[in-house]
Amino acid sequence: MTVLAAEQPVNNQVYGDDKTNIAITPAQPTFTLKLKSNPTTGYSWFLREYDAGIIAPVKHQYIAPEKPMPGAPGVECWTFKVKPAGFVVPQQTVIRLIYARPWQGNDGATQVVFRVSTQGK
């Protein structure tokens with residue numbers, strides 16, 4: 001799967017599925033995951049697992065391709081913020097997303113797992 005270019009959020013670290021190990025610091029607690037997506041096929045990315053005690057989802061949006069063409073994929077951007085509790089001591093957690101059609105369930109769904117590490121204060 002390829003990550004396509006899209007607008008980068010200001011003061012934010014951006015990662016795609018080519019970099020699944022993420023290190024977050026208290027100076028930049030917000031980060032975005034950008035994943036190739038084509039909702040015209042019925043597929044979308046769904047958040048399946050994350051530690052709500054450490055990470056909070058902030059925003060989810062689809063960004064269409066710059067030159068729209070029938071069937072052309074865009075990207076889904078998932079923005080997360082590490083809560084202050086995530087920096088008390090160094091921690092590791094995961095964010096798991098699956099790419100599936102909602103009516104087909106999880107069978108055969110593509111998944112990507114991001115390992116998030118935080119630095120203690």
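Along the sequence, the protein follows the pattern β-β-β-β-β-β-β-β. It has zero helices and eight strands, where helices (H or I, at least four residues) and strands (E, at least two) are DSSP runs numbered from the N terminus. The model is predicted, and local features need pLDDT of at least 70, side-chain atom pairs count only at pLDDT 80 or more, and totals for chains, interfaces and linings use all residues. Residues are numbered from 1 along each chain as its sequence is written, and side-chain values use heavy atoms, with hydrogens and water left out.

An open sheet is formed by four strands in the order β1-β3-β6-β5, with mixed pairing; two strands pair if DSSP finds at least two bridges between them. At the edges lie β1 (13–16) and β5 (55–63), each of which pairs on one side only. On average, neighbouring strands of this sheet are turned by 25 degrees against each other, direction ignored; the axes are lines fitted to C-alpha atoms, and angles run from 0 to 180 degrees between N-to-C directions. Within the sheet, strand β3 (residues 30–37) and strand β6 (residues 74–82) run antiparallel and are joined by eight bridges. S37 has G74 in β6 as its bridge partner.

Aromatic side chains were examined next. Rings of Phe, Tyr and Trp (its six-membered ring) pair if their centres lie within 6.5 Å; planes under 30 degrees apart count as stacked, over 60 as edge-to-face and the rest as tilted. By this rule there are three aromatic pairs. The ring centres of F31 and F80 are 5.7 Å apart and the planes are at 25 degrees, so this pair is stacked. F31 in strand β3 and F80 in strand β6 are 49 residues apart, and the pair thus links distant parts of the chain. Both F31 and F80 are buried; buried means under 20% relative accessible area, exposed over 50%, and partly exposed in between (1.4 Å probe, protein chains only).

The rings of Y43 and Y99 are also stacked, because their centres are 5.3 Å apart and their planes are at 25 degrees. This pair links distant parts of the chain, with Y43 in the loop between β3 and β4 (44–49) and Y99 in strand β7 (residues 91–100), 56 residues apart. Y43 has 25% relative accessibility and so counts as partly exposed, whereas Y99, at 14%, counts as buried. Together with W45, Y43 and Y99 form one aromatic cluster.

Of the 121 residues of the protein, 34% count as buried.
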